[in-house]
Protein chains: 2
Amino acid sequence: MNLPSKVKLVDVGPRDGLQNEKSPVPAAVKIELVHRLQSAGLSEIEVTSFVSPKWVPQMADNAEVMAGIKRKTGVRYSVLTPNMQGLEAALLSKPDEIVVFAAASEAFSQRNINCSIAESIQRFALVVQAARDKGIYVRGAMSCTVGCPYEGEIAPERVAMLASMMKDIGVQHVGIADTIGVGTPIKVQRAIEATLKHYAIDDVSGHFHDTYGQALGNTLAALQLGVWQFDTSVAGLGGCPFAKGATGNVASEDVVYMLHGLGIETGIDLEKLVDAGQFISDFLGRKPNSRAATALLNKRAF
Amino acid sequence: MNLPSKVKLVDVGPRDGLQNEKSPVPAAVKIELVHRLQSAGLSEIEVTSFVSPKWVPQMADNAEVMAGIKRKTGVRYSVLTPNMQGLEAALLSKPDEIVVFAAASEAFSQRNINCSIAESIQRFALVVQAARDKGIYVRGAMSCTVGCPYEGEIAPERVAMLASMMKDIGVQHVGIADTIGVGTPIKVQRAIEATLKHYAIDDVSGHFHDTYGQALGNTLAALQLGVWQFDTSVAGLGGCPFAKGATGNVASEDVVYMLHGLGIETGIDLEKLVDAGQFISDFLGRKPNSRAATALLNKRAF
């Protein structure tokens with residue numbers, strides 16, 4: 001099996017995970033989570049989003065969280081910015097990277113952000129340009145690259161088209177997201193191959209959801225194509241808004257367990273990562289949504 | 001990705017799953033579960049074990065369950081037989097197949113069945129011979145082929161040695177089990193390759209546990225070596241006695257979801273399989289331990 005020797009994980013728990021919590025999590029808890037993640041060896045963390053607090057009250061403390069982090073050398077801190085206003089606010093917090101987003105599904109784009117894919121790209125063009133003018137690295141999150149809750153399966157050609165539009169506006173790296181977790185290994189490989197028509201292998205990452213339990217198989221399939229960057233979420237933070245009670249983001253712990261078992265370096269201390277997951281899960285009053293974390297915590301208690 | 005076009009699943013839920021329940025499940029419920037599984041398209045079901053009711057009270061109703069099943073043409077019904085007494089009792093129930101077992105780990109063999117691997121094989125030799133004399137197909141379950149709770153990692157050479165001993169006593173098919181779920185794709189492939197020194201690809205199956213969330217990645221890795229037979233358990237029935245509260249057998253629903261997504265035929269109707277899992281989970285008073293089942297049930301309710 002031909003696999004990369006090193007993998008970089010971006011933990012999106014503090015942002016993508018915690019924005020799905022009904023009750024906003026206090027800034028101090030988010031800051032402590034980020035500290036624990038960087039102490040566990042994560043080299044990039046998606047911290048927060050600079051979006052209207054009317055839409056996403058969970059992230060209203062974005063500037064406070066960014067200001068409270070004791071930054072660690074070598075770690076990158078990224079934030080989501082949906083528009084120019086968000087970018088301007090974000091820049092004051094000095095992120096290393098901003099994240100813009102668009103869907104590969106027209107229906108999803110309309111329902112999620114109330115405009116067409118082309119319109120969303122047009123809007124983001126200004127944001128991307130402004131960020132790059134300031135020397136900020138820009139990552140693009142491509143949602144629904146395998147399936148859409150409204151349209152069903154998404155053809156790889158649509159993913160290639162979205163990747164091409166992202167490239168045209170200056171996005172430097174794209175994340176290939178299976179937003180509703182319906183992907184299986186070959187379908188995920190097709191979405192990746194479509195993206196690779198426009199981006200080099202070093203400029204793409206996989207973002208898989210475990211809604212149907214498929215995320216690790218999909219991660220393995222991506223690794224086999226040479227993908228070496230993945231978004232994951234500590235303790236599996238983040239639900240799936242399209243299937244109540246179902247799992248969303250794949251748990252960082254499960255991915256790290258597989259990678260280490262494959263002999264792939266991540267720079268992450270799995271036991272410390274499990275501790276970070278237990279910290280935030282304890283705060284949320286539930287168990288970590290990670291099978292590896294569950295097994296390791298049981299083993300400690302045994 | 002080079003994968004088999006068809007896969008056969010053996011649902012081990014009624015035996016391997018339900019023997020882990022504290023309170024024995026009534027025979028009528030087990031029979032109904034078997035009926036639902038065969039109606040969902042399963043072509044083999046591990047029904048029960050003929051073991052002393054003192055050791056495993058959960059399976060004390062073995063003969064009653066076997067007698068109560070309305071057998072469906074084309075479906076195979078297998079039972080576990082730990083010794084000659086078990087085989088003799090089992091034969092009265094006319095199974096299509098019996099299952100014997102041995103560990104690739106010496107410490108596990110000693111603690112689990114109180115004898116060495118060689119002694120366990122010697123004891124089973126008589127059982128295998130007697131079964132084959134009656135024209136009954138014999139499957140061998142090889143436990144701890146990747147890791148052992150007492151010894152840690154198990155070298156592939158030990159798996160090859162066990163497979164060779166199984167072959168010598170006339171076992172026709174071997175299941176390669178990751179009993180504690182610690183395997184990751186390359187380690188699992190090594191255990192399979194070790195087994196293939198003594199058995200043809202058509203005579204091996206994978207039996208993976210999802211304790212650390214690795215079962216689907218391991219299944220994909222096995223498929224890539226040409227393995228096309230797997231043990232799975234509806235609703236993820238069966239815990240892990242070595243990690244309380246942790247997941248054991250991989251859920252049939254999760255595996256079927258992946259296989260169908262890969263375009264692989266199974267003959268199984270996933271929605272009916274989800275119904276079967278919900279039936280037994282309702283009886284046990286809990287939710288199915290399957291992410292695909294959870295997502296599909298949520299989708300129905302949405």
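**Close-up views of a two-chain predicted model**

View 1. Arg15(A) pairs with Glu46(A) in a salt bridge whose closest N and O atoms are 2.7 Å apart, a salt bridge being a side-chain nitrogen of Lys or Arg within 4 Å of a carboxyl oxygen of Asp or Glu. Helices (H or I, at least four residues) and strands (E, at least two) are DSSP runs, numbered from the N terminus. Over all chains, the structure holds 32 salt bridges. The model is predicted, so that local features need pLDDT of at least 70 and side-chain atom pairs count only at pLDDT 80 or more, while totals for chains, interfaces and linings use all residues. Residues are numbered from 1 along each chain as its sequence is written, chains are lettered from A and ligands numbered from 1 in the order in which they are written, and side-chain values use heavy atoms, with hydrogens and water left out.

**View 2. The two ends of helix 5 of chain A.** At the start of helix 5 (residues 106-113), a side-chain oxygen of Ser105(A) reaches to within 3.4 Å of the backbone nitrogen of Ala107(A). After helix 5 of chain A comes Asn114(A), with a positive phi near 65°.

**View 3. The interface of chain B and chain A.** In this interface, 39 residues of chain B are in contact (heavy atoms within 4.5 Å) with 39 residues of chain A. The buried area, which is the accessible area (1.4 Å probe) that two parts lose on being put together, summed over both, is about 3,300 Å², and carbon and sulfur atoms give 60% of it. Tyr212(B), Tyr257(B) and Arg291(B) supply 25% of the area that chain B buries against chain A, more than any other three residues. The rule finds 2 salt bridges across the interface; Arg291(A) forms a salt bridge with Asp210(B), with the closest N and O atoms 2.4 Å apart. On the side of chain B that touches chain A, the elements giving two or more residues are helix 8 (185-195), helix 9 (215-224), helix 10 (252-261) and helix 12 (291-301) of chain B, and helix 12 of chain B contributes the largest share, 7 residues.

**View 4. Helix 11 of chain B against helices 10 and 12.** The axes (lines fitted to C-alpha atoms, for helices over the stretch in contact, with angles from 0 to 180 degrees between N-to-C directions) of helix 10 and helix 11 (residues 270-284) of chain B come within 10 Å and cross at roughly 170°. These two helices are therefore roughly antiparallel to each other, a term for angles over 145 degrees. Among the residues that meet here are Val256(B) and Tyr257(B) in helix 10 and Leu273(B) and Gly277(B) in helix 11. Helix 11 and helix 12 of chain B pack at about 100°, with their axes 10 Å apart, and are therefore roughly perpendicular, as angles of 65 to 115 degrees are called.

Definitions and conventions:
Parallel < 35°, antiparallel > 145°, perpendicular 65-115°, else oblique. Polar contact = N/O pair within 3.5 Å; in protein donor to acceptor, adjacent residues only side chain to side chain.
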